[in-house]
Amino acid sequence: MLIKKNKTRAALIALLALSSAAAWPRAATAETVLRIAMTAADIPRTLGQPDQGFEGNRFTGLTMYDALTGWDLSSADKASVVIPGLATEWKVDDADKTKWTFKLRPGVTFHDGSPFNADAVVWNVEKVLKQDAPQFDASQVGVTASRMPTLASAKKVDDMTVELTTKEPDSFLPINLTNLFMASPAKWQAFYDKAEGADAKAKSQAAWTAFAKDAAGTGPWKMAGFTPRERLELVKNASYWNKDRVPKVDKMVLLPMPEANARTAALLSGQVDWVEAPAPDALPELKQRGFKLYANEQPHVWPWQFSRVEGSPWNDIRVRKAANLCVDREGLKDGLLAGLMVPATGTFEVGHPWRGRPTFEIKYDKAAAQKLMQEAGFGPNKKLTVKTQTSASGSGQMQPLPMNEYIQQALAECYFDVQLDVIEWNTLFTNWRRGVKDPSANGSNATNVTYAAMDPFFALVRFLQSGMAPPVSNNWGFINNPKFDELVKKARQTFDPAARDAALAELHAASVDDAAFLYVAHDVGPRAISPKVTGVVQPKSWFIDFSLVSMQ
Amino acid sequence: MLAYIARRIVYVIPIVISVALVCFLLVHITPGDPLVAVLPADASQELAAQLRTAYGFDRPLPVQFGLWLLRALHGDLGNSIATGRPVLAEVMRAVSNTVTLAIAAAIIGFTMGILLGLIAGYFRETWIDKLATSFAIAGVSVPHYWLGMVLVIIFSVQLNWLPAVGAGPGGSAAWAWDWAHLQYLVLPAITTSVIPMGIVTRTVRALTGDILSQDFVEALRAKGLHERGVFRHVIKNAAPTALAVMGLQLGYMLGGSILIETVFSWPGSGFLLNSAIFQRDLPLLQGTILILALFFVFLNLMVDIAQAAIDPRIKRG
């Protein structure tokens, strides 16, 4: 009986040992999955040129795709700058500054196994620029063309060299090219060949629709599963060309959750590991429960853009400077925004290569502001009425109504009588393009539309150059300052990167000295992340490198 | 009966055309640019004009409407501007999720509503009535998105019993009636059910009370019919009106609730509508509204026919 008992025990131990041994390798290779709740209501487009602004680029652009140039996202302290991507080096033609030569990275393949080469670059340029190309897709033009407004064409020189041409000399091209993601022509062609349609255009559209469901780029993540409006599953590209950026997590699941409370609840209940923009009032609870909060200054400005047409009250520089000195940005940050902003003292802050050395220091100095207003002829009994158009909500607008009411209160102490014209966000966008002279401005002499400041065109040129006034671009207030025009030209036509940066810094300093905008805040891209997730580096950028992230 | 059904179907045609016209015009007369979904904020007016031509938004409205209606009749509602995906597939997928949610909410809401209504009506002016009526008033008064958040805080965040958001574990297209999927349905379905529950309770209570006070009920009782039999008569007399109310409520639920679906990230028609409005995706907005309106019209047709089948007086009228 004893022997039988011992035998049974021995068998049980052996069985346990066997099952543990069997489980061990499985545990060691258990798949790691990072689940992220985005603020988007839908998965950003997956076919190469994402929609939904830079959130689209962050999640379905820079993950599955690469561009010729990229962003350095490795540091939380330094400004993100442009670095080589699928191009290893580039150079403008000394004789003709509209021609650029890009040397391509050898040995790169798309996720479908096809090679990345000069033909692929030409094909991808033509998908958004050449209307008679079979792969031309109007739906990708809008989100691309305005981000590289001078790019005209692409030509293959040899398999690993491509020549790009701009409409005018433009040193910003390498920066703008971060927005052109390289999709696999071979994969698209396979879909096109299989597509059914009445004509080539219909077949092309069908091919792009199919490609969006089964995409192939060259990026560190490969598409593994896609349920529109529900989830996108990406798996690591183990053979990614940049070995330092081969993802450490096996799988990343992206979930659209537009409602901040829903995102926060999903994180708190363990349904996701990472949420973008958690509900601000939940931050104390998130911290208390051990979640990690990340935030960093983004290249993003929350401003008032002034009208400079004849008769505008903002034409007096003393008034513009007074407004900039009358807002207590630290108070706005610590009070209303619970720390989730960086006070703006220009488009770029100290440490950024394009900051320069402005002589006008933007800070809170109510006495100086009141003095300037009195010099301009205003005072407690003679207030200056100004009207600003804004929205009640909107991407990047942070909290437009309470923030504008805060500014309204602040400026009241410096003899401003601020009226707010609150309109729907998309309408505000449309009006932005139409400019202050359009009836849609509704008598406003300032507009409050936030802007991305990733590249010089977006950050400075479209607002400051006189030729960018509507209908061309976003110089909403018709700023017409010869000094700005001259500096824009100088920056555009300076092709040495260091000298170009210096020229941009000069332009930026000039705009701050001219108090071109009422600079208020930079967004900080807050995100809350589970303590299981390690290795997160939140750079001073709209983007983030998911490849660096590990899961415990 | 067949003539009645044919007549009702004929009545539906002008309604459907009017609905199509209204939903087409509504999205065109609102301010803003229809190309917001594909144009970045900084796009020039030149680029906007170029794309407006590419998408056909530069054509006169009657031409746009005619082409849209013609394509719609062939089952083609165009492609979403934002995603490029066919609108019909997008809408049908979202509607199927909403139908799932609506069915679950209807089962909870109607069952509770009928039960509470019958009990309240039968025990009128007693504490039982007051309790049931309080439930009904709470159901229609409490903001349902607020209730949804409270349920999430209790059952997902605090107790960790049920998922807070989503429509299934894998986000797969196929819904399954198993616990893995059903657990995602519980909180949104309860939240969606409170309004129909309240409305049905109040309707059934009023009908039951009204019928019970009528002479024929006294006559039935005088003839010695037991209470169960009396109740059967009450239910039969209350059914057409209650059915109409429930049909209407089901229509509202099938229309989707933007707030509830957003709170729970439930990928239904309300969520889709929210997304289409936010992105100002005109083809998607038009297609979604049209399909939902057609659902509503179809559902009303079904309710009318069901009512006529139950109560012959209706089809004679």
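Predicted model: local features only at pLDDT ≥ 70, side-chain atom pairs only at ≥ 80, totals over all residues.
Two residues are in contact when heavy atoms of one lie within 4.5 Å of the other's.

A:Arg355 sits in the loop between strand E14 (342-343) and helix H12 (366-375) of chain A. Is this arginine buried or exposed? Its relative accessible area is 12%. Buried means under 20%, so A:Arg355 counts as buried.

**Leu548**

A:Leu548 also belongs to a loop, the one between strand E21 (533-534) and strand E22 (550-551) of chain A. This leucine is partly exposed. Beyond four places in sequence, its contacts are A:Lys248, A:Thr534, A:Gly535 and A:Val537. A:Arg245 is 303 residues away in sequence, yet the C-alpha to C-alpha distance to A:Leu548 is 6.8 Å.

| Residue | Relative accessible area | Class |
|---|---|---|
| A:Arg355 | 12% | buried |
| A:Leu548 | 21% | partly exposed |

**Nonpolar cores**

The largest nonpolar core holds 122 residues. Which of them touch the most other members? They are A:Trp274, A:Trp304 and A:Phe416. Helix H15 (residues 456-464) of chain A contributes the most to this core, with seven residues.

A:Phe416 has contacts beyond its neighbours within four places in sequence. Among them are A:Trp314, A:Val319, A:Ala322, A:Ala323 and A:Met373. A:Lys383, A:Leu384, A:Val386 and A:Leu411 are on that list too.

**A four-stranded sheet**

Chain A has an open, antiparallel sheet of four strands in the order E4-E5-E7-E6. Strand E4 (87-92) and strand E6 (151-158) form the edges. Each has a single partner strand, so one side of each has no neighbour in the sheet. From one strand to the next, the twist averages 25°.

E6(A) pairs with strand E7 (residues 161-166) of chain A in the antiparallel sense, over six bridges. Within this pair, A:Ser153 stands opposite A:Thr165 in E7(A). Helix H3 (residues 118-129) of chain A packs on the sheet. Helix H3 touches strand E5 (99-104), E6 and E7 of chain A, and its direction makes about 165° with that of E6(A).

Methods
Residues numbered from 1 in each chain as written. Chains lettered and ligands numbered in written order. Heavy atoms only, no water. Helix = DSSP H or I, 4+ residues; strand = E, 2+ residues; numbered from the N terminus. Buried < 20%, exposed > 50% of the residue type's maximum accessible area, 1.4 Å probe, protein only. Core = buried A, V, L, I, M, F, W, Y, C linked by side-chain atoms within 4.5 Å. Pairing = 2+ DSSP bridges. Axes fitted to C-alpha atoms, helices over the stretch in contact; angles between N-to-C directions.
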